[in-house]
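Please consult the sequence and the structure alongside the text.

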Amino acid sequence: YVKTKALALRVIGVIAHVLAAAQRADAKFTNDHMTFTLYNTVFKTLVLTAMDQEVKEAAISSMAAIIGCFGDKMTDQMPECLPVFSQRLQNEVTRLPALRALARIARSKKGVDLSLILTDTVQSLCKFMRQQAQTLKQESVVTLDAIVSSSGGDIKE
């Protein structure tokens, strides 16, 4: 069951990319209903804390894909969704997937406003860069680069 759920969540992330491509190809194509259905489905799993690591990682990745593709249409959902990514940064098990997800969201061309979590996230990234784990340091630098490139002017001390 766990592997099936994780795979289904990954498929949702792929569907988000397909819907975004369809919308770019045909400006008359609207997929708002489908987008919000995908968001709500993944969000229910994203907020759960008692689940298998593979499902957690798949939910984080899929939500990043959805926000990366449709973040400009989901401004009302960001106050409930972005703090979950901050919470996942504090958990050692979900830290790396959350870093990758935040980098993906920051690099998206949809101009997602990260100001809600920007200060806490940058502080966490600086803390991670002082730790021993090389992979964590590298992912932190990549994420910080993406955040500074997209929202650098909004970072406060």
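The points below are grouped by topic. The model is predicted, and side-chain atom pairs count only at pLDDT 80 or more. The count of salt bridges comes to 4, and that of aromatic pairs to 1.

- Lys 3 and Glu 54 form a salt bridge through their side chains, at 3.5 Å from N to O.
- This pair links distant parts of the chain, with Lys 3 in helix α1 and Glu 54 in helix α3, 51 residues apart.
- Lys 3 counts as exposed because its relative accessibility is 61%, over the 50% cut-off.
- Glu 54 has a relative accessible area of 24% and is therefore partly exposed.
- A network of salt bridges links Lys 3, Arg 10 and Glu 54.

**Salt bridge between Lys 73 and Asp 32**

- In the salt bridge of Lys 73 with Asp 32, the closest N and O atoms are 3.2 Å apart.
- Lys 73 is partly exposed, at a relative accessible area of 28%.
- Asp 32 is likewise partly exposed, with a value of 37%.

- The side chains of Arg 100 and Glu 139 form a salt bridge at 3.5 Å, N to O.
- Arg 100 belongs to helix α5 (residues 95–107) and Glu 139 to helix α7, so the pair ties together parts that lie 39 residues apart in sequence.
- Arg 100 is partly exposed at 42% relative accessibility.
- Glu 139 counts as buried because its relative accessibility is 17%, under the 20% cut-off.
- Neighbours within four places in sequence aside, Glu 139 is in contact with Leu 96, Leu 99 and Arg 100.

**Helix α3 and its surroundings**

- Helix α3 (residues 53–70) comprises 18 residues and spans 26 Å from its first C-alpha to its last, close to the 26 Å expected at 1.5 Å a residue.
- This helix is mostly covered, as 14 of its 18 residues are buried.
- Asp 52 caps the N-terminal end of α3, with a side-chain oxygen 3.0 Å from the backbone nitrogen of Glu 54.
- The C-alpha atoms of Ala 21 and Cys 69 are separated by 9.0 Å, although these residues are 48 apart along the chain.
- Ala 21 is found in helix α1 (residues 2–25) and is partly exposed, with a relative accessible area of 34%.

**Aromatic pair in helix α2**

- Tyr 39 and Phe 43 form a stacked aromatic pair, at 5.6 Å centre to centre and with 15 degrees between the planes.
- Both residues lie in helix α2 (residues 32–46), 4 residues or about one turn of the helix apart.
- Tyr 39 and Phe 43 are both buried.

Methods. Residues are numbered from 1 along each chain as its sequence is written. This is a predicted model: local features need pLDDT of at least 70, side-chain atom pairs count only at pLDDT 80 or more; totals for chains, interfaces and linings use all residues. Side-chain values use heavy atoms; hydrogens and water are left out. Rings of Phe, Tyr and Trp (its six-membered ring) pair if their centres lie within 6.5 Å; planes under 30 degrees apart count as stacked, over 60 as edge-to-face and the rest as tilted. Helices (H or I, at least four residues) and strands (E, at least two) are DSSP runs, numbered from the N terminus. Buried means under 20% relative accessible area, exposed over 50%, partly exposed in between (1.4 Å probe, protein chains only). Contact means heavy atoms within 4.5 Å. The expected span of a helix is 1.5 Å times one less than its number of residues. A polar contact is a pair of N or O atoms within 3.5 Å; within protein, one must be able to donate a hydrogen and the other to accept it, and residues adjacent in sequence count only if both atoms are side-chain atoms.
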